[in-house]
Amino acid sequence: MAQQTVSLLQPIGTPGQRVNLNPLNVVASPNDGFRAGANGLAVGAFAWADPSDASGRTLLNSGSGSPLGFLHKNRTGVITQWLGRAVNGILAGQETVIYNGGDFSAIVGGTAPVTSGTQVYADPTTGAVCASSSKGAVPTNFTFTSGGNVGDLVSISGYVTTALLPAATSASKGS
């Protein structure tokens, strides 16, 4: 397959990718770990426990209430489409890990733009990152650390902190 695009600059990131090397908080899983549900899982989105699985192992990109955690892009994807170029998901039944703390990239879903410093909400039908004004959105423990419009790549943090430039002090002003 021939190359289809050329970029002059490196990409900022991809959905689900870590944006820095700050520590991660892993959601404690049941025995034998978490696994993707029958439809697989989208990376760079939130996940809920499957209510039909009594073991609590199966995860879905949809649910009710606040999600269990965020799906970080930490595995090599399995491309199942003939001549496919990339994949950003986890196949049904594959083991996975979810996070409730860390700094990640995500695509803004929903219907409204997001602002840095505001709380991240999740779409309960797709797990997509979205603003509070999106229909049916549920709160998460993450905060937007950059702003953007629907479809933009933004960064989110599970530590409820944002990086700020230090304020100028009288010592740094030469007084």
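Trainee: Among contacts in the protein chain between residues at least 6 apart in sequence, what percentage join residues at least 24 apart?

Mentor: That share is 64%. Contact here means heavy atoms within 4.5 Å. Before we go on, this is a predicted model, where local features need pLDDT of at least 70 and side-chain atom pairs count only at pLDDT 80 or more, while totals for chains, interfaces and linings use all residues. Residues are numbered from 1 along each chain as its sequence is written, and side-chain values use heavy atoms, with hydrogens and water left out.

Trainee: What makes up the secondary structure of the protein chain?

Mentor: The chain has zero helices and 14 strands. Helices (H or I, at least four residues) and strands (E, at least two) are DSSP runs, numbered from the N terminus.

Trainee: Why is N100 called partly exposed?

Mentor: Its relative accessibility is 28%. Buried means under 20% relative accessible area and exposed means over 50%, with partly exposed in between (1.4 Å probe, protein chains only). The value of 28% lies between those limits, so N100 counts as partly exposed.

Trainee: Where is N100 found, and which residues does it touch?

Mentor: N100 is found in strand β9, residues 99–101. Leaving out residues up to four places away in sequence, N100 touches N25, V26, V27, L68, N141, F142 and G158. From N100 to F46, the C-alpha to C-alpha distance is 9.7 Å, although 54 residues separate them in sequence.

Trainee: How do you know that β4 pairs with β6?

Mentor: Two strands pair if DSSP finds at least two bridges between them. Two bridges join β4 (residues 46–49) to β6 (residues 69–70), so these strands pair, and they run antiparallel. In β6, F70 is the bridge partner of F46.

Trainee: What joins β4 to β5?

Mentor: Two bridges do, and these strands run antiparallel as well. The bridge partner of A49 in β5 is L59.

Trainee: What makes a nonpolar core?

Mentor: A nonpolar core is a set of buried Ala, Val, Leu, Ile, Met, Phe, Trp, Tyr and Cys residues joined through side-chain atoms within 4.5 Å. The largest one has 18 residues, of which F46, F70, V120, V129, F142, F144 and I156 touch the most other members. Strand β13 gives the most to this core, with three residues. A second, separate core of ten residues includes L41, V43, A47 and L59.

Trainee: How much of the protein chain counts as buried?

Mentor: Of its 175 residues, 35% count as buried.
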